[in-house]
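Have the sequence and the model side by side as you read.

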Amino acid sequence: MRLRSFGGVIAHGMLVMGFIGQAIGQWLKVKDLKKFTTRFKAMTRPGEKITVQGRVVDENETCWICEAETVNEAAEVKVKDTLKLKNNYFYGCSRELTRYVKFVMLIAVLQENLFNNHAVMDEVSKIKGELAMREYVTTKQEINKNSLPYNLYQKAKKFGIWNPVDIDFSQDKEDWKKLNGEQQLELLTQFAQFIGGEEAVTQDILPMIMAVSKKGWFEEESYLTTFLFEEAKHAEFFSLFLEEIGVTEDLTHLLSPGYRKLFDETLPAVMGKLLEDQSPEAMIDAAVTYNIFAEGVLAETGYWFFHEALSRANLFPGFISGIRNVKRDEGRHIGFGTFLIQRLISENPELDLFERVQQRLQELLPIAMMLTERKEGEEVTSLGIERGKSMEFAMKQLQARLTVLSRAKGKTLEEIYNTDIALEEV
């Protein structure tokens, strides 16, 4: 660009800004940049040797604040940029090493052979090798023992140790014989979907455990180990119950289209995505589908059914005592999912994740309708459940979950960590 007022030929400011972007893009993933702003400071003229340099200037709960600038040989700043980078980008390395690596990775000399600069490449490769070394929150005595996930972990150890084999199902066996064929079929349909669902979620929680581990959230990871154990135990509970009352046949044919849609398609897809994508959006979708919808809406509706159909009629005392334990375990699971979603909403206010929660639940609503629908013309089921009551209860649960989740908007991470909102189900 040549203008008399500029005193001769100058390089366009966007070109110099592009040098910074090119240098940063060579080392960092674009998706990990939360914000990138530029300020032009001085003109650049032909013959000047321009260098990109950078540093970490601050950090908070969600990001690293970095500065990058182009300077000439006289240290005159030409362009200055401010970057916000997700702070989990360098998970697993010490703070001191992280700062050094970020500094090295933001430095590049803008010459003709810039991105073939073997010295820079070799140095970064060397440091990347050092990043493979883990950092242990336990040895550093940095476990957050006041956090909600750690609180749930303690509760799981205290209340989650019940054993299905200790339950006496002798009266349940006699009660089963009292039911007519239609009543038995109605119950078997519920049992089949519960036992199948418990097995499915035992498998599907594994990617969530891996996702929080990759993020370095040790307290969440600790709690999720009990989560996995409990889901497997719930499947065992239903299996033992059916065996004790004499039901040994294959119940697969009783799995409804709604069940198949959720547990064979929707849930494994959204949970499996976490193996490759731990973004806030992916984790929101997973937690909403698993914890809020499958557990907080559908399973809770199932417990309501068992209470209405069995407990009020003083039937199946062994099964009802086991269901109380299952419900208490699941209350902690729902509490964890509520906390996780609240945390993600708090950490990422620019993403409007609460809107995503609402949209996701709206997408899942037809499955709830499929799972609670009754035979055409059936006003009251064989076990006394009135038409529409199950869906009515499910909708109440759905609205209750949304109300709790909406409270995360505007809260700090510290407030979310120390909240007791999510424990309302425990």
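**A walk through the fold**

Tyr 223 is buried, with a relative accessible area of 0%. The cut-off for buried is under 20%, so Tyr 223 qualifies. Bear in mind that this is a predicted model. Tyr 223 sits in helix H8.

What does Tyr 223 touch, once its neighbours within four places in sequence are set aside? Its contacts are Pro 149, Leu 152, Tyr 153, Ala 156, Arg 332, His 333 and Phe 336. Several of these names return below.

Now follow H8 itself. Helix H8 covers residues 218–244, and helix H7 covers residues 206–214. Their axes come within 9 Å and cross at roughly 170 degrees. That angle makes H7 roughly antiparallel to H8, because angles over 145 degrees count as such. The crossing of the two helices is left-handed. On the H7 side, the residues that meet H8 are Leu 206, Met 208, Ile 209, Val 212 and Ser 213. On the H8 side, they are Glu 220, Glu 221, Leu 224 and Leu 228.

Go back to the partners of Tyr 223. Among them are Pro 149, Leu 152 and Ala 156. These three residues in H4 also take part in the meeting with H11. Helix H4 spans residues 148–159, and helix H11 spans residues 317–347. How do the axes of H4 and H11 cross? They come within 10 Å, at roughly 170 degrees. H4 and H11 are therefore roughly antiparallel to each other. From H4, the residues in contact are Leu 148, Pro 149, Leu 152, Lys 155, Ala 156 and Phe 159. From H11, they are Arg 328, Asp 329, Arg 332, Gly 335, Phe 336 and Phe 339. Arg 332 and Phe 336 were also among the contacts of Tyr 223.

H11 has another helix to pair with. Helix H10, residues 280–309, comes within 9 Å of H11, axis to axis, and the two cross at roughly 155 degrees. That makes H10 roughly antiparallel to H11. H10 passes H11 in a left-handed crossing.

Most residues other than glycine have a negative phi. Asp 352 has a positive phi of about 50 degrees, although it is not a glycine.

Continue past H12, which runs over 353–372. Thr 381 is placed in the loop between helix H12 and helix H13, the latter at 389–406. Thr 381 is buried, with a relative accessible area of 7%. Which residues does Thr 381 touch, not counting those up to four places away in sequence? They are Glu 186 and Arg 374. With Glu 186 there is a side-chain polar contact of 2.8 Å.

The strands are the next stop. Thr 70 is found in strand E5. Thr 70 is buried, with a relative accessible area of 0%. Beyond its neighbours within four places in sequence, Thr 70 contacts Val 16, Ile 20, Ile 50, Thr 51, Val 52, Glu 76, Val 77, Lys 78 and Val 79. Met 17 is 53 residues from Thr 70 in sequence, but the two are 8.2 Å apart in space, C-alpha to C-alpha.

Strand E5 runs from 63–71, strand E6 from 77–86, and Ala 75 is found in the loop between them. Phi of Ala 75 is near 70 degrees, a positive value in a residue other than glycine. Ala 75 is exposed, with a relative accessible area of 57%.

Finally, step back to the whole protein. How many helices and strands does the protein have? There are 14 helices and seven strands. Of the 426 residues, 48% are buried. Take the contacts with a separation of 6 or more: residues 24 or more positions apart account for 76% of them. The accessible surface comes to about 21000 Å², and carbon and sulfur atoms hold 51% of it.

Note on methods: Residues numbered from 1 in each chain as written. Predicted model: local features only at pLDDT ≥ 70, side-chain atom pairs only at ≥ 80, totals over all residues. Heavy atoms only, no water. Helix = DSSP H or I, 4+ residues; strand = E, 2+ residues; numbered from the N terminus. Buried < 20%, exposed > 50% of the residue type's maximum accessible area, 1.4 Å probe, protein only. Contact = heavy atoms within 4.5 Å. Areas by Shrake-Rupley, 256 points an atom, 1.4 Å probe, with all protein chains shown as cover. Polar contact = N/O pair within 3.5 Å; in protein donor to acceptor, adjacent residues only side chain to side chain. Axes fitted to C-alpha atoms, helices over the stretch in contact; angles between N-to-C directions. Parallel < 35°, antiparallel > 145°, perpendicular 65-115°, else oblique. Left-handed = near helix turned anticlockwise from the far one by under 90°.
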